[in-house]
Amino acid sequence: MSTRTMKPSVLLFVLMHCLGFVHGQVSYSIPEEMATGSLVGNIAQDLGLDIKRLKAGKARVFTGDQAEYITLDTSRGVLLIKERIDREGLCRQTTPCALHFQIILQTPMELYSVTVEIMDINDNPPTFVKKDMKFEISEYAAVGARFMLDVAADPDVGINGLQSYSLNPTDNFQLNLKRQREGAKMVEMVLQKPLDREKQRDMVLVLTASDGGEPQMTGTLQIHVTVLDANDNAPVFTQQVYRVSSSENSQKGTRLTTVSATDADDGSNSIVTYSLSGSSAGIFDLFEIDSHSGDIILTGGLDYELARNHEFYVEGKDEGGLSDSCKIIIDVVDVNDNSPVISTISQSSTIAEDAPSNTVIAMISVNDPDSDSNGQVSCSINENIPFAIKSTSNRFYSIVTDSELDRETNTEYNITVTCSDEGVPSLSSRADLSLKITDVNDNAPVFEKSSYEASVLENNSPGLSIFTVKARDADWNQNARVSYILEDSSNNGVPMSSYVSVNAESGVVHAVRSFDYEQIKTFTFHVKAQDGGSPPLSSNVSVKIIIQDQNDNAPQVLYPVQTSNSVVAEIVPRSADIGYLVTKVVAVDVDSGQNAWLSYKLQKATDRALFEVGAQNGEIRTIRQVTDKDSVKQKLTVVVEDNGQPSRSATVNVNVALADSFPEVLSEFSDFTHDKEYNDNLTFYLVLALAVVSFLFIVSIIAILSVKCYRWKREKMFYKSNGHLPVIPYYPPLYADAGGTGTLQHMHNFEVYRTTDSRKSCLKYGGPGSESIVSLDNTGTLQAAHREKLINEDFDDEQKPPNADWRFNQNQRPGPSGAAATPDGMAVGTGPWPQPPTEAEQLQALMAAANEKREVNPMQIYLGKVSEATNTLQPGTMGLSTRYSPQFTLQHVPDYRQNVYIPGSTATLTSNPQQQMLQQQAMQQQMAAQMGMGPAPPQQQQALPPAQAGGAMGGPAMDPEAGAGGAEAPKAAQTPASKKKSTKKEKK
């Protein structure tokens, strides 16, 4: 390489007629062997491009399948040497030698072709294949004999290539150069002076090959010449040039051609041997020659794409050292052995469906190294797709859209590019490109129906779901999201939003209000379906809502008119025939359909056998002849009923007068009173009354069962306790003394039963509950006299008549509160009976008895209560309840120990000792009979005479002296607090 700096010359021209996307072409010339990073040229300036455009367009160098020797610096906009360039290795002897590549820009896609011519420099000296040559020349060689020398090879071209040869010394030989038709030179050494073996047997000559470069470079070849004896005829080839063609796919060992040379000498001097004489070492790798037969054999592989022909020389030499040479030219015939190579320059992965026609989606380059028709390539893409492939320049194609795209039809396309050459057989290559179509909001929502119609019953509940509108959008994602909107409109001035609402997401139409068929029968509104695209697309649909009637209106009677102030009567002459039209009931129903079909019937009439009502027309006609017996005043009640489910009705009263003259009608109807109208809710009130009565009946049954159950439980408790009733604290009420005497401070009720199974009381008596009045003997039992008396008194079922010895009249006797005074003069004992004790008083008596500490059997309890009624009476006090007359005081009683009146009974207690003894004996006999000896005789069960009964009951319970020893002293009355304490102690 020259040491001086070589400034590259720039050849720039811009194609004004740009083809397709190739916008221009620029050419540069640079020397080979430039250092890496050396400047080739300012491509931005030469192409008129801005540096920003190079950066934004992501400019890059595209070389296809060739090595990349040139690189682009986008920051400076210049081309630089990327790799050392050897022209001889790149192009060999081909001139001119150039690099072809393209500059690619993106968005928009642009392509510029660049050609860089590689200029040769003198970097290679001429070289010989052999370092030396040996010749054996007979001394009889004639002057002018020629000896062929090896030619030198110089990879450089032009002036830097092989230019001249020189031979030294030149005493016997001189150099002769032969120029061939192809421009090649053949070097010969010519004998110019006869040889003398005796003077010089061996000679050494130097052949020098020189090139024309700066500096000049040379190569040498040493020639060794040995002088031989006589062989004065050299071999001669039949042809100076042999030309043969061979296909590049020829197999190794193929005989290409045969060379032949003849020698006029005889003997061994006529034997010719052949050898290859080439200027390139590659010749010996591809070919060989049979030294005896002259057959040229193929030993390597031919490749048309590397070398289209091969040239070399064959030398024929006899044994005398004489030789001749010929040229061999092997033309390589191209074979279609290379498929087209498809390279993708740029490609878009997505494209919008609204992209215009001829939009470039990909650029490719196709290269076929074959020649002629084998290298002619045509490309195509698969059919039935909206794309086309166009050739923009040699070996470059672009794929563009040729029709409208629709994502809803196809969301993705697979494009197959097929490139085929024209060889036989044809070879092809394929490349697949994938392209997705992005969605554009180009489809409006479409309703499933062109219009909707729905019906809803009137009197619906607000918020009722009527039906659903549905629209679909063929777009994708947000563009296909449909929202439903109720368009603003009104019906008779009422906004439609007060009738219905539409769910924006689901399209469900809801009723906002309750509809009334009588006010509105149909209404129409529009629903708009809008997608979520930008800008949004929409469509609307008409919706008609039909209100269906319900039987919610009763018939209305228009005639006859019902008034409350006057009486309107239809006059029917007594001479009217059968079928006489009295009047016609006219009624209407604001409902529709069968709900408005009215029927008439006669509900009530003064004489049903006289009139009838037409079921369909409401005409009231006579069905018989009017007679004189028929009342002048006739009142008809007509029911008008519709045909709905359930049906509704109305009634009307029609007054008919059977008279022949108007004054008769006036006289009859002057005092006409209107009957009360039937209440429309009569059925309701009847049902309500029945329900109330039933409820009261059930409550009564439950109350009775509860009382029965309560009594049964109390009786069961009594049996289980064996007379030991539970102690229940009881605090008797205090009653005020109306008379102010201070004698009525406490009251207790005691209840005595005849047997354990009896629930009827026969004795109610009052006394202080705090005093123990049961008289006991030393053994803790009642005296026999008292027991027998009480038993006889208890089993006496019939009430005794009043005692005639009672000294007080009815006005002076104590009686129940509320009993009236007996008028003077009335017989004693014939006045009203005292009222029986109440249930509360009986319960108080039981509770008071349960508080007793002593444990006695039931019979002792009964006897104790009777004794208590007589023994607790003290002077100055009267242990009677305030139920009896408060005016009764002790001053009215002469001797209360002798005569005591028992409230609730007509018996009088007297102190007759004989009667008392008899009473005790009778009681003892009766108890003995009940306990073991059977029932008492009938005569013992008879009640005592009134006088005896009075004596037995009126006497004192026992003798005071005897009572002092056997009876317990009376205790002080217990207060409620003391009674609680005693009750707690008893429980413990």
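I take a disulfide to be a pair of cysteine sulfur atoms within 2.5 Å. The model is predicted, so I note that local features need pLDDT of at least 70 and side-chain atom pairs pLDDT 80 or more, while totals for chains, interfaces and linings use all residues. Residues are numbered from 1 along each chain as its sequence is written, and side-chain values use heavy atoms, with hydrogens and water left out.

Entry: disulfides. I searched the whole structure and found two. In sequence order of the bonded cysteines, the pairing is 1-2, 3-4.

Entry: Cys-379 and Cys-419. I find their sulfur atoms 2.1 Å apart, in a disulfide. The link is right-handed, with 105° about the S-S bond. Cys-379 sits in strand β28 (residues 377–381) and Cys-419 in strand β31 (residues 412–421), so the pair ties together parts 40 residues apart in sequence. I took strands as DSSP runs of E, at least two residues, and helices as runs of H or I, at least four, numbered from the N terminus. Cys-419 is buried at 0% relative accessible area, and Cys-379 is buried at 15%. Buried means under 20% relative accessible area, exposed over 50%, and partly exposed in between (1.4 Å probe, protein chains only).

Entry: Cys-91 and Cys-97. I find a disulfide here with S to S 1.7 Å. The torsion about the S-S bond is about 65°, so this disulfide is right-handed. Cys-91 is buried at 13%, as is Cys-97 at 2%.

Entry: two further cysteines. I looked up Cys-326, which is buried at 2% relative accessibility, and Cys-709, which is partly exposed at 35%.

Entry: whole chain. I count 13 helices and 56 strands. Buried residues make up 41% of the 988 residues.
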